[in-house]
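Biologist: Hi! Could you walk me through this one? I'd like to begin with the ligand.

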Amino acid sequence: MVSTKAPEDAYTAAPFVPDRGGLPSLRRAAADCHGCPLHRNATQTVFGQGTVNARVMLVGEQPGDQEDRQGKPFVGPAGKLLDRALAEAGIDPADAYVTNAVKHFKFTPTEGPKRRIHKAPTLREMTACAPWLAAELALVEPELIVLLGASAGKALLGSSFRVGEVRGALLEREIHGRQEKLVATVHPSSVLRARDDADRKAAYEGLVADLKVAARALS
Ligand code: URA
């Protein structure tokens with residue numbers, strides 16, 4: 001029998017990305033993306049949110065459980081923490097476009113109350129989804145990109161990216177032919193995962209300090 005399954009190397013969102021139109025038409029097209037297998041188990045595509053005039057683009061890893069259910073990025077516990085940190089750093093949410101490197105929730109189903117455990121996307125899945133992020137960047141043209149964690153960094157700067165090596169510094173890199181300013185920081189979920197209150201406080205303060213670098217770059 002002839003297999004109709006695409007080889008994994010062929011995973012890409014590229015054929016689903018419209019070559020004209022604004023954010024609303026991108027969002028509509030992304031809702032039907034079958035560029036990789038992650039759409040099969042996710043509830044829906046979670047596309048970026050914010051206006052095309054946003055000054056800063058915040059890039060996370062992938063939607064979580066709440067985001068998958070609600071169809072919006074960063075609305076769960078990590079998003080609430082991020083909102084607090086952004087406010088403390090002085091970044092106005094109205095200036096921000098919030099999105100993820102991967103637009104579908106990837107999880108492992110389990111028994112018990114927490115039935116869907118977040119599973120990190122592979123580099124291949126991030127590469128497959130990259131055309132959506134590239135299209136968002138091309139339309140929004142933010143003054144600054146904030147990379148929230150290692151996956152966002154790898155998606156935009158390559159697999160050798162290490163958040164610990166560059167966090168809190170204002171970077172300049174060419175991405176898709178455009179000179180971009182970037183600030184990398186930890187993913188807000190890593191603050192929530194800290195093993196005790198002291199570690200959580202230190203991790204949160206580190207996140208806010210990095211976001212203040214971003215706020216200064218915007219002022
Ligand atoms: N974590 C992410 O990286 N993105 C979300 O939207 C939610 C949690």
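Modeller: Happy to! Keep in mind that this is a predicted model. Around the ligand you'll find Gly60, Glu61, Gln62, Pro63, Gly64, Glu67, Pro73, Phe74, Asn100 and His187.

Biologist: Nice. What does the side chain of His187 do with an oxygen atom of the ligand, in terms of distance?

Modeller: An N or O atom in the His187 side chain sits 2.6 Å from a ligand oxygen atom.

Biologist: And how far is the backbone of Glu61 from an oxygen atom of the ligand?

Modeller: That one is 2.8 Å, counted from a backbone N or O atom of Glu61. Phe74 also takes part through its backbone, with a polar atom 2.9 Å from an oxygen atom of the ligand.

Biologist: Switching to helices: at what angle do the axes of α4 and α5 cross?

Modeller: Roughly 75°, with the axes coming within 9 Å. Angles of 65 to 115 degrees count as roughly perpendicular, so that is the label for α4 and α5.

Biologist: Which residues make that contact?

Modeller: From α4 they are Leu123, Met126, Leu133 and Leu137, and from α5 they are Ser151, Lys154, Ala155 and Leu156.

Biologist: How does the contact split by class?

Modeller: Six residues are nonpolar, one is polar and one is charged.

Biologist: One last thing: is Lys80 buried or exposed?

Modeller: Lys80 is exposed, because its relative accessible area is 57% and exposed means over 50%. Lys80 belongs to helix α3, residues 77–89.

Biologist: And where is Lys80 relative to Pro188?

Modeller: They are 108 residues apart in sequence, while their C-alpha atoms are 9.1 Å apart in space.

How values were computed. Residues are numbered from 1 along each chain as its sequence is written. This is a predicted model: local features need pLDDT of at least 70, side-chain atom pairs count only at pLDDT 80 or more; totals for chains, interfaces and linings use all residues. Side-chain values use heavy atoms; hydrogens and water are left out. Helices (H or I, at least four residues) and strands (E, at least two) are DSSP runs, numbered from the N terminus. Buried means under 20% relative accessible area, exposed over 50%, partly exposed in between (1.4 Å probe, protein chains only). Axes are lines fitted to C-alpha atoms, for helices over the stretch in contact, and angles run from 0 to 180 degrees between N-to-C directions. Angles under 35 degrees count as roughly parallel, over 145 as roughly antiparallel, 65 to 115 as roughly perpendicular and the rest as oblique. Contact means heavy atoms within 4.5 Å. Ala, Val, Leu, Ile, Met, Phe, Trp, Tyr, Cys and Pro count as nonpolar, Asp, Glu, Lys and Arg as charged, and the others, Gly among them, as polar. A residue is near a molecule or strand if one of its heavy atoms lies within 4 Å of it. A polar contact is a pair of N or O atoms within 3.5 Å; within protein, one must be able to donate a hydrogen and the other to accept it, and residues adjacent in sequence count only if both atoms are side-chain atoms.
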